[in-house]
Amino acid sequence: GGHAPGIIRPRNDVVAATHHVLMAHGKAVQAIRSASKTTASIGWAPVGVTFIPETDSPEDIEAARRLMFDFPPTECDVTSQYYFNNSWYSDAVIKGEYPESGIAYFGNDMVEIQSGDMELISQPLDFYGVNIYFGSAPVSADPEKLELNKRRIGEPRTMMGWPVTPEALYWGPRFFAERYGMPLYITENGCAGMDWIHTDGKVHDHHRIDFLTRYLKSLERAIDEGIDVRGYFQWSIMDNYEWAEGYSKRFGLVYVDYETQCRVPKDSYEFYQEVIKTNGSSLPDAIERPIH
């Protein structure tokens, strides 16, 4: 009920609705391909939870990978809601089947799948898009450390209250590429900041520059290791009306005075312009935690 139109429905209705949304997606793919005068490149951009291993040990990596596609993600510090899941939607679209763990979890609430449904849902796609803003707390294979709601005290957070976890832009693409074997686009990434026009008439958002530097360096690591990332979309070019937050959160590279519509490029605007011009070579090295 948090998003418009604020309707809360029982679980069986939600499961049926998601199934029909996925079928609508399949019909949309068919419609685009049949109507395109040139060869279309079609993908989609679901949203789930990105899990981050505590270390680069094979055991921790496997623990994070397992949780990334578990159903439901009940051990996730981000949410335990069954609908905020990677494999339920993506396995259906990419593999043509719902995960067995999800079917068992829903039980009597599971939608009745008609003949041809999964074939329609799993229309071939050309790329996998994903919105990634943050990830889980570090995941350990050690059962005694598996308290994923435990985050580092005083960790940085954006104005949305979301933790700053640049590693998510490495592990997310890596895990999605391993499971689905498709080219990737980061379709949304950015941060809401405490932005206003300073006394010099400018908007100094160094926090956003630091955020983008850290996240883009993590994405660069994924690319350097061979992950097929085709593109990255920063959210957003200007402050805007957010779906559930209204005008209270500012994600833009350009500041917008909502009463006058006056627009002021922030410091991050110039920074990101240079990132684009240099294809990322202008990015400084990112330091995860200062050492004193």
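Reader: Thanks! In what order do the four strands form the open sheet, and is the pairing parallel or antiparallel?

Author: The order is β1-β2-β3-β4, and the pairing is parallel. Strands here are DSSP runs of E with at least two residues, helices are runs of H or I with at least four, and both are numbered from the N terminus. Two strands pair if DSSP finds at least two bridges between them. Before we go on: this is a predicted model, where local features need pLDDT of at least 70 and side-chain atom pairs count only at pLDDT 80 or more, while totals for chains, interfaces and linings use all residues. Residues are numbered from 1 along each chain as its sequence is written, and side-chain values use heavy atoms, with hydrogens and water left out.

Reader: Good to know. Which strands are the edge strands?

Author: Those are β1 (43-44) and β4, each of which pairs on one side only.

Reader: And how many bridges link β2 and β3?

Author: Four bridges, in the parallel sense, join β2 to β3, which covers residues 184-189.

Reader: What about β3 and β4?

Author: β3 and β4 (residues 229-234) also pair in the parallel sense, over four bridges. L184 has V229 of β4 as its bridge partner, and N189 stands opposite Q234 in β4.

Reader: Let's switch to helices. At what angle do α1 and α3 pack?

Author: The angle is about 35°, and the axes of α1 and α3 (residues 87-95) are 11 Å apart. Axes are lines fitted to C-alpha atoms, for helices over the stretch in contact, and angles run from 0 to 180 degrees between N-to-C directions. The crossing of α1 and α3 is right-handed, meaning that the near helix is turned clockwise from the far one by less than a right angle.

Reader: Which residues make the contact?

Author: α1 brings V15, T18, L22 and H25, and α3 brings W88, Y89, A92 and V93; contact means heavy atoms within 4.5 Å. By class, six residues of this contact are nonpolar, two polar and none charged. Ala, Val, Leu, Ile, Met, Phe, Trp, Tyr, Cys and Pro count as nonpolar, Asp, Glu, Lys and Arg as charged, and the others, Gly among them, as polar.

Reader: How do α6 and α7 cross, left-handed or right-handed?

Author: Right-handed. The axes of α6 (residues 168-180) and α7 (residues 206-224) come within 7 Å and cross at roughly 35°. L169, Y170 and P173 of α6 meet Y215, S218, L219, R221 and A222 of α7.

Reader: New topic: what volume does the largest pocket have?

Author: About 1800 Å³. On a 1 Å grid over the protein atoms alone, a pocket is an open set of points where a 1.4 Å probe fits, with protein on both sides within 12 Å along at least five of seven lines, and lining residues have an atom within 4 Å of a point. The volume is the space filled by probe spheres set on the points, which are joined across faces, edges and corners.

Reader: Which residues lie nearest its centre?

Author: H3, V47, Y83, F84 and W243, out of 46 lining residues. The largest share of the lining, seven residues, comes from α1. The lining has 29 nonpolar, 12 polar and five charged residues.

Reader: Last one: where are the cis peptide bonds from A4 to P5 and between W235 and S236?

Author: P5 is in the segment before α1, and omega from A4 to P5 is near 5°. S236 is in the loop between β4 and β5 (254-256), with omega about 0° for the bond joining W235 and S236.
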